[in-house]
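Here are my notes on this model. Please read them beside the coordinates.

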Amino acid sequence: MNASHTSLYTNDLTSDVFSQLDSSPFTEQQLSHFNEQALQLVKDQRAYCSAHPPIAIYRVATEGSQTRNGGTIKKTASEFEFRLADGSQVRGAHKGDYVEYADGTQALIMTGSGEGNSDFALVGSHLSNGDQIVNTLQDSLLFVERHGVPLAEDFLPTIE
C-alpha cells in the first residue's frame with residue numbers, strides 16, 4: 001500500500017454521489033440497438049430505482065482506511081484489490097481483519113456487509129474495542145440502501 005494517498009471517502013450521500021447512483025450506463029443510441037428483452041430489463045431497473053430511491057451508501061473499507069480513534073487498516077487477508085486513481089492498488093478489508101493503532105495495539109473488525117455480501121468491512125464497521133471505521137481510499141465499490149428494501153439482518157449489526 002502506498003501511503004501517499006490523499007483522497008479519503010466516507011458514506012456521505014452527497015448530491016454528486018446521489019445523482020450518479022441511478023444514472024444509466026447506456027446512451028439512447030446504445031439502447032436503440034437493444035432487443036426487446038434487454039430493453040425490458042433496463043425499464044424494470046429504472047422502475048425499481050424510481051420506486052426505491054437511495055437513502056444511504058456504505059463504502060467498502062480498504063488497507064489505509066482509518067478509524068474514529070486513530071487506527072488504520074494496515075494489511076488485510078483479502079485477495080480483492082482496488083486500483084486507485086493514482087494507479088496504486090490496495091486490498092479490500094473484511095470482517096475478521098485487524099486495525100492497528102500508533103501504540104501497537106490492534107482491534108478486530110467485528111461487523112461488515114454480511115455473509116451474503118462477502119463480509120466486506122465497511123465505512124461504519126464496528127471494532128472489538130468500540131471504535132468504528134470512518135473512511136476508505138476507494139470510491140468504486142459501495143452498497144446502496146434503498147427506501148422500502150430491508151438490508152440483510154447481518155449487514156452492519158449493532159454491537160452491544
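1. A definition before the charges: Lys and Arg count as positive, Asp and Glu as negative, while His and the chain ends are left out. On that count the protein chain carries 10 positive and 21 negative charges, and their mean positions are 4 Å apart.

2. The model is predicted. The protein chain has three helices and six strands. Their order along the sequence is α-α-α-β-β-β-β-β-β.

3. The C-alpha trace spans about 60 × 40 × 30 Å along its principal axes. The domain assignment gives domain 1 (13–50) and domain 2 (56–144). The C-alpha centres of domain 1 and domain 2 lie 30 Å apart.

4. Of the 160 residues, 36% count as buried. The accessible surface of the protein chain is about 9,600 Å², with 49% belonging to carbon and sulfur atoms. Among contacts between residues at least 6 apart in sequence, 65% join residues at least 24 apart.

5. The structure holds five aromatic pairs. Phe26 and Phe34 are edge-to-face, because their ring centres are 5.0 Å apart and their planes stand at 75°. Phe26 is partly exposed at 34% relative accessibility. Phe34 is partly exposed too, at 24%.

6. Phe80 and Phe120 also form an edge-to-face pair, 5.3 Å centre to centre with 70° between the planes. Phe80 sits in the loop between β1 (54–59) and β2 (81–83), and Phe120 in the loop between β5 (106–108) and β6 (142–146), so the pair ties together parts 40 residues apart in sequence. Phe80 is partly exposed at 37%, whereas Phe120 is buried at 8%.

7. One aromatic cluster is formed by Tyr58, Phe143 and Phe155.

Definitions and conventions: Residues are numbered from 1 along each chain as its sequence is written. This is a predicted model: local features need pLDDT of at least 70, side-chain atom pairs count only at pLDDT 80 or more; totals for chains, interfaces and linings use all residues. Side-chain values use heavy atoms; hydrogens and water are left out. Helices (H or I, at least four residues) and strands (E, at least two) are DSSP runs, numbered from the N terminus. Buried means under 20% relative accessible area, exposed over 50%, partly exposed in between (1.4 Å probe, protein chains only). Contact means heavy atoms within 4.5 Å. Accessible areas come from the Shrake-Rupley method with a 1.4 Å probe; for residues, only the protein chains shown count as cover. The place of a charge is taken as NZ of Lys, CZ of Arg, CG of Asp or CD of Glu. Domain bounds come from an automatic or database domain assignment. Rings of Phe, Tyr and Trp (its six-membered ring) pair if their centres lie within 6.5 Å; planes under 30 degrees apart count as stacked, over 60 as edge-to-face and the rest as tilted.
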